[in-house]
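Hi,

Here is the structure I promised to send over. Have a look at it first, and then read on for my notes.

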Amino acid sequence: MATLLELAQQRLYPNYRPAPFVLSHGKGSELFDTEGRRYLDMAAGVAVCALGHAHPKYVAAISEQVGRLGHVSNYFYN
C-alpha cells in the first residue's frame, strides 16, 4: 500500500486529497481496502456508484456493454 500511495503522490495532480488507504474491491454498499478493512460506501453518489458494487446483474450488464463499446467522449452520440 505504501508504494501505491508514494507513486500517487509523485505522479497524480493534487486536485483532491484522497484518503490514506487503497481500496481493492467492493460488494453491495461496502468497500474493502488492501488491509482487509471494511467501509460503508457513503460517497457512492458519483456517476453510477449508487448502484452498489459487484452485483451479478450489474456486472453482466457492464460486461455486455463494454464488449460492444466502452467510454467515448460526449462529443458523440452513442
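This is a predicted model: local features need pLDDT of at least 70, side-chain atom pairs count only at pLDDT 80 or more; totals for chains, interfaces and linings use all residues.

I started with the aromatic rings, and the structure holds one aromatic pair. The partners are Phe21 and Tyr39: their ring centres are 4.6 Å apart and their planes sit at 10 degrees, so the pair is stacked, given that planes under 30 degrees apart count as such.

Where do the two partners lie? Phe21 is in the loop between helix 1 (2-11) and strand 1 (23-27), while Tyr39 belongs to strand 3 (residues 38-40), so the pair ties together parts that are 18 residues apart in sequence. As for accessibility, Phe21 is partly exposed, with a relative accessible area of 25%. Tyr39 also comes out as partly exposed, at 25% relative accessibility.

Ala2 and Phe21 are 19 residues apart along the chain, and their C-alpha atoms are separated by 8.7 Å. Ala2 itself is placed in helix 1 and is partly exposed, with a relative accessible area of 46%.

One backbone detail to look at is Ala54. Most residues other than glycine have a negative phi. Ala54 is not a glycine, yet its phi is positive, at about 65 degrees. You'll find Ala54 in the loop between strand 3 and helix 2 (56-68), where it is partly exposed, with a relative accessible area of 48%.

Cheers

Methods: Residues are numbered from 1 along each chain as its sequence is written. Side-chain values use heavy atoms; hydrogens and water are left out. Rings of Phe, Tyr and Trp (its six-membered ring) pair if their centres lie within 6.5 Å; planes under 30 degrees apart count as stacked, over 60 as edge-to-face and the rest as tilted. Helices (H or I, at least four residues) and strands (E, at least two) are DSSP runs, numbered from the N terminus. Buried means under 20% relative accessible area, exposed over 50%, partly exposed in between (1.4 Å probe, protein chains only).
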